[in-house]
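Please look over the model below.

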Amino acid sequence: MIPAARHGQSPTDGPSLTIAATRRRDVHAIRKIDEAVYPKAWSLELWRRELQMSIRERRYLAAFDGAVLVGHAGMMVLDGDGHIATVAVDPRRQGEGIASHLMIELMHDARRRQLGGVTLEVRVSNERAQALYERFGFSPSGVRPGYYGDDPGERIAEDAVVMWASDVGEPAWLERLAAIEAALPGGRHVEPTAVTLARPPGFRRR
Ligand SMILES: CC(C)(COP(=O)(O)OP(=O)(O)OC[C@H]1O[C@@H](n2cnc3c(N)ncnc32)[C@H](O)[C@@H]1OP(=O)(O)O)[C@@H](O)C(=O)NCCC(=O)NCCS
């Protein structure tokens, strides 16, 4: 079980987040963010299918500031490796550490699952996201030419950088997470529902 974490900083130091397993009722807010930040948001149907997948195969997390969904992230588990499928933060809330809080939870999840490694694709032009992933120990391992070519509105078929973090079981990697945590503004409370999928009695998020 993920321990509930509060990091002793006041909300003025950064966001005071609640991180919970993504549920179907969150998809509308997620798609609003995704439509603002991605050329193509996942369809409702795709989200419906993804959220029906077993927790053994998928991990989708949503970050809330109060009742407002401010970011989300997700990881697929395929053949013993993690694949970061999405990380997105409300454009009005970027730069507050929200993606980092989400990534820390996903990466602890990867460690608990004893995954061999974690990979992702990111646009070659998306230097900010690449910097975020590098901070989490991901290194570029190759390029997928034209990976984003099918997205509507694409003027060019942009290449993807493939990144891997392959040492997620190592103590040094845990130290890296702790260092990111220590430097991160704000704090987060991780709902036990994120793991058990059971809601505490009387719990109402929205
Ligand atoms: C990439 C993305 C997810 C990052 O989200 P974010 O919440 O802004 O990320 P964080 O705040 O955790 O970290 C990003 C930066 O903010 C900085 N930061 C964190 N807290 C800060 C604060 N209180 N004040 C100023 N800067 C801060 C971090 O140091 C980091 O700096 P960098 O840009 O130099 O790397 C976000 O920009 C986004 O949604 N982009 C569009 C979708 C996307 O590209 N997703 C990735 C697809 S592969």
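By class, the shell around the ligand has 11 nonpolar, 6 polar and 2 charged residues. The model is predicted. In total, 19 residues surround the ligand. The closest are Val37, Gln94, Gly97, Ala99 and Ser100. H4 supplies the largest share, 4 residues.

The elements named in this report span these residues:

| Element | Residues |
|---|---|
| Strand E6 | 139–144 |
| Strand E7 | 160–165 |
| Helix H5 | 171–183 |

**Helix packing**

H3 also packs against another helix, H5. Two packed helices are described by the angle between their axes and the distance between the axes. Here the angle is about 155 degrees, and the axes of H3 and H5 lie 11 Å apart. Angles over 145 degrees count as roughly antiparallel, so H3 is roughly antiparallel to H5. The crossing of H3 and H5 is left-handed.

**Strand pairing**

Which strand pairs with E6 in the antiparallel sense? The partner is E7, and the pairing runs over 5 bridges. Within it, glycine 142 has valine 162 of E7 as its bridge partner.

Why does E6 lie largely in the open? A residue counts as buried if 20 or more other C-beta atoms lie within 10 Å of its own. Of the 6 residues of E6, the number buried is 0, so the strand lies largely in the open.

Definitions and conventions
Residues numbered from 1 in each chain as written. Predicted model: local features only at pLDDT ≥ 70, side-chain atom pairs only at ≥ 80, totals over all residues. Buried ≥ 20, exposed ≤ 12 C-beta atoms within 10 Å, placed from the backbone. Helix = DSSP H or I, 4+ residues; strand = E, 2+ residues; numbered from the N terminus. Pairing = 2+ DSSP bridges. Near = placed C-beta within 6 Å. Nonpolar A, V, L, I, M, F, W, Y, C, P; charged D, E, K, R; others polar. Axes fitted to C-alpha atoms, helices over the stretch in contact; angles between N-to-C directions. Parallel < 35°, antiparallel > 145°, perpendicular 65-115°, else oblique. Left-handed = near helix turned anticlockwise from the far one by under 90°.
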